[in-house]
Amino acid sequence: MEFEFHRGAVHLPSLGLWLDAHKPIGPAEAVFVSHAHSDHIAGHAEVFLTPATRDLMRARVSGERIEHVLEFGRRVDLSDAGFKVRRPAHLTLLPAGHVLGSAMSLVETDAGSLLYTGDFKLQAGRSAEVCEPRHADVLVMETTFGRPKYAFPPLSEVAAQVVTWCRATLAEGAVPLLLAYSLGKSQEILPSLTEAGFRVMLSQPTAKMTRIYARFGRDLGAWEEWDVERAAGAVVLAPPGAKLNALKAAVGGKVRTAVLTGWAIDSSCRYRYQADAAFPLSDHADFPDLLEFVKRVAPKRVFTLHGYATEFATKLREQGIEAWALGEENQLTLKL
Ligand SMILES: [Zn+2]
């Protein structure tokens, strides 16, 4: 079976299926949406996704669409699903461990199998499902942190550092403001903050996402709605780039910021985010886990995508694994 890499996404023409297209795909074909981060969702006409990604996507993308909602591990025959496939194929969604509901897609045909990761994290976190790698002939994987220097400390260690920093900031009479994505990173740090006894205030977009986590049984502790008048003495969570002038004005400018991102491994990170501190809390696999993931999938061929895709593919080839980087620009037709 042929598949293409086109418009920055994997396309399976004989199945009429796209994997994570970031531009809207017309009504003729369907799209597997791996998770609800904004660079992975668009106004598609027909989608395959998990229940949590459906709810998170509905909260972020307006309009109607045909939704094929698949529980993790349920293997569906695409022709049974009333789907116009030109050859027999099965689709299974597996937990990716990146954010709530994030999925990898396993496509199995008589020509072989393909596992597409979307964004994933191997280390078990506190708010997303635990990643479940599975064998496939061809692996298409994200390699955001595909350089050896990106080796993250255990999540518990990073969370403890964040708690210590918040405590010290509050002791100085300032408001600790944690800059973290509204979906994923915020919910990952939230239980550590509530367990440490902090009063935690969430920005509006973060609160909106956190309510959906609660609907899916994720108890992340008690938190408060955004209200700058009550911010003094609280730990505040908001996405990077949020306009926080009102917060700063309400607390007399006494705000200290820390960004939570895997890029904190780079010493320039806190300058890039104009933050006072940076902690390497990531929802992606680090370099050792990217290698470990390939080992567990044991594919015949690997295609890498995002971040250090070329370097990581070279690394795999050095280890005797056939691997190629998929660039954002090129259009390729490949064989399964
Ligand atoms: Zn993502």
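The model is a predicted one, so its local features are given only where pLDDT is at least 70 and side-chain atom pairs only at pLDDT 80 or more, while totals for chains, interfaces and linings use all residues. Residue numbers start from 1 along each chain, following the sequence as written.

The protein chain splits into domain 1 (2–149 + 284–335) and domain 2 (155–279), with bounds that come from an automatic or database domain assignment. The C-alpha centres of domain 1 and domain 2 sit 30 Å apart. Where the two meet, domain 1 puts in 16 residues and domain 2 puts in 16 residues; here, a contact is a pair of residues whose C-beta atoms, placed from the backbone, lie within 7 Å. On the domain 1 side that touches domain 2, the residues come out as seven nonpolar, six polar and three charged. For these classes, Ala, Val, Leu, Ile, Met, Phe, Trp, Tyr, Cys and Pro count as nonpolar, Asp, Glu, Lys and Arg as charged, and the others, Gly among them, as polar.

Now to the sheets. Strands (E, at least two residues) and helices (H or I, at least four residues) are DSSP runs numbered from the N terminus, and two strands pair if DSSP finds at least two bridges between them. Within it, strand 2 (residues 9–12) and strand 3 (residues 17–19) run antiparallel over three bridges, and Val10 has Leu19 of strand 3 as its bridge partner. Strand 4 (residues 30–32) and strand 5 (residues 46–49), on the other hand, are parallel over two bridges, with Val31 opposite Val47. Strand 5 also pairs in the parallel sense with strand 6, over four bridges, and there Leu49 stands opposite Val69.

Strand 8 (residues 89–95) and strand 9 (residues 103–109) run antiparallel and are joined by seven bridges, with Leu94 opposite Met104.

Helix 2 (residues 155–171) packs on helix 3 (residues 185–195) at about 55 degrees, axes 10 Å apart; axes are lines fitted to C-alpha atoms, for helices over the stretch in contact, and angles run from 0 to 180 degrees between N-to-C directions. Helix 2 is therefore oblique to helix 3. Angles under 35 degrees count as roughly parallel, over 145 as roughly antiparallel, 65 to 115 as roughly perpendicular and the rest as oblique. Ala159, Val162, Val163 and Cys166 of helix 2 meet Ile189, Ser192 and Leu193 of helix 3. By class, that contact has six nonpolar, one polar and no charged residues.

Helix 3 also packs on helix 4 (residues 204–215), at an angle of about 75 degrees with axes 10 Å apart, which means helix 3 is roughly perpendicular to helix 4. Ser186, Gln187 and Leu190 of helix 3 touch Thr206, Thr210 and Tyr213 of helix 4, giving two nonpolar, four polar and no charged residues.
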